[in-house]
Amino acid sequence: MRWWAAVEWIDQLLREGQKSVDEVEVFYVQGRSISADLKQKKINLASASEDCGLGIRTIHKGRIGSSSTNDPAHWKECLDAAIASGHLATSLPWEGLPGAQDISQTPLTFDPSMKVEPASALALLEQMLAGAEEHAADVTAGSAGLSTATVTLANSRGAYYTDSHTGVSLSLEAIHGQSTGYEFDHSSFIDKVDPFHVGERATFFAHESAEGKDVTTGDYDILLSPLAYGELLGSVFIPALNGRNVHAGRSRFAECMGKPVADPLISMYDDPFLPGASGSVTWDAEGMPTRRIDFIRDGVLEAFAYDLKTAYRYGKTSTASAVRGGYGGSPGIGHHNFIVDGKRGDVTDERVIYVHSVVGAHTANPMSGEFSVEISNAFWMENGEFQEPIRTAMLSGNVFTMHNEIGGLSHESRAIGSLILPSVKINKQRIIGK
Amino acid sequence: MPNITYYDLRHVTGQITHIDIDNGVFESAGTTFFNKAVLRVISNTGWGILQIDNYQPCTGRKFDELLQEACKLSAITQEQVRLGDVSRGVLAVPAMKEDPRSVSIEEKSAILAEIEKGAIHPSVVNRRANYIERVEQVAFSDSSGNEYAYEMCRSGFNVLAVASRNGNTQMGYEREHSIHGFNLRQHRDLGKKAADIAVALLDAKGAHGGKMKAILDPELAGVFAHEAVGHASEGDLIQEGNSVLKGKTGQKIGNDLLTIVDDPSIHEFGFDPVDSEGVAVCRTEIIKNGIVNAFLHNRESLAAIGNGVAGHARGMPGEPPLVRMSNTFIEAGDATDPEIFEECKNGIFLKGSRGGQVDPGRGVFQFNAEYGYLVVNGECTGMVRDVSLSGEILTTLHNIALCGNKRVMSPGYCGKGGQSVPVSDGAPTILLCDAVVGGSGMD
């Protein structure tokens, strides 16, 4: 369905909805994706999907209703379900959806050269496998996927925006004896991923981590790779910056505005306009114009993230932080490109334990920040060189307080989903050996 | 039409009803609808798979066009996929005691609100309760003429209480999910239980890391079985060479008293009347008396590596099925709780779980308890919080010293390959020697 064909029913839906409720919002997604999976070194399956779905939100006297369906022909039933859902919701302060605004609709994450075709996935897998040949380890599994999607947001206040996205993602798993390696890459732009490097790193970590030695229990300076850091940051620290969690009593930062919450070296911000970043967007999931948000500047907490509903409820201003995981449900508070930044330096001039990834980050306590995870592909590291691997150990600590023990940020950053992170050196963290 | 050796189609329609209450405010409540299908074709080599949103059942030329589209995808595959011979049959879905659809959303909301209000306490700063009800109509057909259809309803709720004092924030979390019908009425006290745990944790100490004896309650021991053995026994991982259990059939990796089973046929939260490839489901004893006995399979992994039965393929609506666990458990032994505590003498008693994770190729797993108690001279003493354990698949199972005499199952969800499916895990209370406990607690 071409987008102008969609206009007719969207306009009908908005008109119909306004007969019953104060405001109506429609979020419509159409997409196409291709992926191919390896089983060891051979392609085992190729899949394609045609996705479509619409989410409807209605607001009437402060009561918000929502529903969704992936059958646009049944938008009337979906609208009825959204209105019925609103009857059950508690009435909250509401000052209206945003009207039409002068927002650039030039897509920031669309690559017209990306071909969402099986042959593209095949080429990416072949390059990953070529990279994997660099080290003596066996490929166990891998995947390459390409996607394109068009998103339309319209509301009864006159906002009507469309945006197009493309995406490419790669991953490869390898094993050498009983030592595993995993690497991945993703981008909105086909020439920004490096499939050869993904393959090379996967077999590198599998091969080089073999025959690791144990480490004795104690406190050590550690270097978290962007992946390991992102796993801990995403499950604990970032939710504490969510305005709804703050006002609901679910954030450790609730009473910390204006206070130091991290080493002065650290700044954290959301930059929705970062060129080439996969979360870049000019309007949020409610049609608010996006802007940079400085959450933590030089270690001091300066802002929380808000969507319209939370902002109206608590007398704040939306930070255009509404996001949707898909077409279903209501928008929630999130971020676009979450960046950890600060003065960069050499983080391996002294001997550290490098941790490439962790097992069990999602079991961290999201309220207190305490965690104990198994470390993966860990090495002693000095002067930028991987030295002897560490066989197995646990890392225990607190995601919040470890930000007061920062020993430095690496020169390079890397995208881990919508997080853009350096490697982070953290002093004196508890390692439990076996 | 290209040379199609096999195809199957799994079409799932349904609706999801949810209620979300946050600190007494009804944030959202209502119903969403979905219609998804997955068409899988084997043509010459491997799988060509179409994932179809809003599928309209069709036959004749229109269906042939879909098959051809899937064949085009299959054309880039290189591996010769073969499918194992399997048993057929569909189990009856157990009747629900009270069909959630017969209860108005207003009544559901009122009972959920009562549960949420149960968490009110002077130290509790946030209460949140969610109800979820998922009804699926499933239709399967394949090129061999097999067809089945069934309807399943899963429903349940979670309640969270967050307690805070002087910057110390802790949480209590309770959940109940079921295939047996509406289950809010009989669990009205769980909000209070969540609050009591959250408040008690304010005075709990952080655990000390190190090796010690650990008593695991049935819920946590079930997660242990799921992470330590279940994933590593999945046939697709064995086929890829990404499990330490590959080639270990017949080898002893655990104590004689240890038997670990996956059984999609029992009426727990992971029940499947038939698997996502149209294969009859049955019990698989993965570990039998400490010995690696059989793997979990789909048709492809069964043909590739054998040793076990198919019937363990599960997929979310519209997604290709993967080899998955269903109801995974450690069989009960004969030890009583007092015997387990007496044998432990000094160690830690761990309860509840926030989940776990495993690297099956490396054979290393981690799982987490919600809270626990230090055991001194066989008695529970001070409360501890945020306790994780890690272990190695090929050695840790030897350290199960005792299995209790009563098995309890707990419902949950398990993620793999971007798909989340309902499961249950269970076990009796177990005693684990030389458990590696993570924690940075200080005196």
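Two residues are in contact if their C-beta atoms, placed from the backbone, lie within 7 Å. In this predicted model, local features need pLDDT of at least 70 and side-chain atom pairs pLDDT 80 or more, while totals for chains, interfaces and linings use all residues. Residues are numbered from 1 along each chain as its sequence is written, and chains are lettered from A in the order in which they are written.

**Contact between chains A and B**
- Chain A brings 68 residues to the contact and chain B brings 66.
- On the chain B side, strand S2 (residues 25-43) gives the most, with eleven residues; strands (E, at least two residues) and helices (H or I, at least four) are DSSP runs numbered from the N terminus.
- That side of chain B holds 36 polar, 20 nonpolar and ten charged residues (Ala, Val, Leu, Ile, Met, Phe, Trp, Tyr, Cys and Pro are nonpolar; Asp, Glu, Lys and Arg are charged; the others, Gly among them, are polar).
- Strand S2 (residues 42-60) of chain A pairs in the parallel sense with strand S3 (residues 47-53) of chain B, over six bridges (pairing needs at least two DSSP bridges).
- A:Ser47 has B:Ile49 as its bridge partner in S3(B).

**Domains of chain B**
- An automatic or database assignment sets the bounds: domain 1 is 4-203 and domain 2 is 206-440.

**Helix H5 of chain A**
- Ten of the twelve residues of H5 (226-237) are buried, so the helix is largely enclosed by the rest of the structure (buried: 20 or more other C-beta atoms within 10 Å of the residue's own, C-beta atoms being placed from the backbone).
- The buried residues pack against strands of chain A, including S7 (218-224) and S14 (352-359).
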